[in-house]
Amino acid sequence: LSVSWIAIFSYFMVWWATATGIALQIPASIMGLTILAIGTSVPDLLESIIVTKDGKGDMAVSSSLGSNIFDVTVGLPLPWLLYTL
């Protein structure tokens, strides 16, 4: 059920960013590289803040590093792989 909510919110986030970009005459590539990238980093930021306030600074650091490593090792190569197939 949670994955469904993530898919729905992701769809609307991209749709809103596209509509805003068209209204402000900003190219879709710029919107994707800035606004959507910021939007996907906010949950990680909030998670890090919450666990740091709970006194679990190690967990905040490992979460930040882990999400970035995942993005570089899976988030970047997977779309290229799918594009080439």
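Predicted model: local features only at pLDDT ≥ 70, side-chain atom pairs only at ≥ 80, totals over all residues.
1. A residue counts as exposed when its relative accessible area is over 50%, and as buried when that area is under 20%. Leu65 has a relative accessible area of 51% and is therefore exposed. This residue lies in helix α4.

2. On the overall fold, the secondary structure of the chain consists of five helices and zero strands. Read along the sequence, the order is α-α-α-α-α. The C-alpha trace spans about 45 × 35 × 30 Å along its principal axes.

3. The radius of gyration deserves attention. The chain has a value of 16 Å, whereas a compact globule of 85 residues would have one near 12 Å. Buried residues account for 11% of the 85 residues in the chain. The accessible surface amounts to about 7000 Å², and carbon and sulfur atoms contribute 75% of that area.

4. Most residues other than glycine have a negative phi. Gln25 is not a glycine, yet its phi is positive, at about 55°. The residue is found in the loop between α1 (2-23) and α2 (28-33). With a relative accessibility of 74%, Gln25 counts as exposed, because the cut-off for that class is over 50%.

5. Helix α3 covers residues 35-53, and Val51 is part of it. Is Val51 buried or exposed? Its relative accessibility is 11%, so Val51 counts as buried. When neighbours within four places in sequence are set aside, Val51 is in contact with Lys56, Gly57, Met59 and Ala60.

6. Which residues does Ser48 contact, leaving aside its neighbours within four places in sequence? They are Ala60 and Ser64. Ala60 is likewise listed among the contacts of Val51.

7. Val42 is a further residue of helix α3. At 36% relative accessibility, Val42 counts as partly exposed, because this value falls between the cut-offs of 20% and 50%. The C-alpha atoms of Val42 and Thr20 are 19 Å apart in space, and the two residues are 22 apart in sequence.

8. The packing of the last point concerns helix α4 (residues 57-75) and helix α5 (residues 77-84), whose axes lie 5 Å apart at an angle of about 10°. Because angles under 35 degrees count as roughly parallel, α4 is roughly parallel to α5. Where do these helices meet? On the α4 side the residues are Val72, Thr73, Val74 and Gly75, and on the α5 side they are Pro77, Leu78 and Pro79. By class, this contact comprises five nonpolar residues, two polar residues and no charged residues.

How values were computed: Residues numbered from 1 in each chain as written. Heavy atoms only, no water. Helix = DSSP H or I, 4+ residues; strand = E, 2+ residues; numbered from the N terminus. Buried < 20%, exposed > 50% of the residue type's maximum accessible area, 1.4 Å probe, protein only. Contact = heavy atoms within 4.5 Å. Rg over C-alpha atoms; globule rule 2.2 N^0.38 Å. Areas by Shrake-Rupley, 256 points an atom, 1.4 Å probe, with all protein chains shown as cover. Axes fitted to C-alpha atoms, helices over the stretch in contact; angles between N-to-C directions. Parallel < 35°, antiparallel > 145°, perpendicular 65-115°, else oblique. Nonpolar A, V, L, I, M, F, W, Y, C, P; charged D, E, K, R; others polar.
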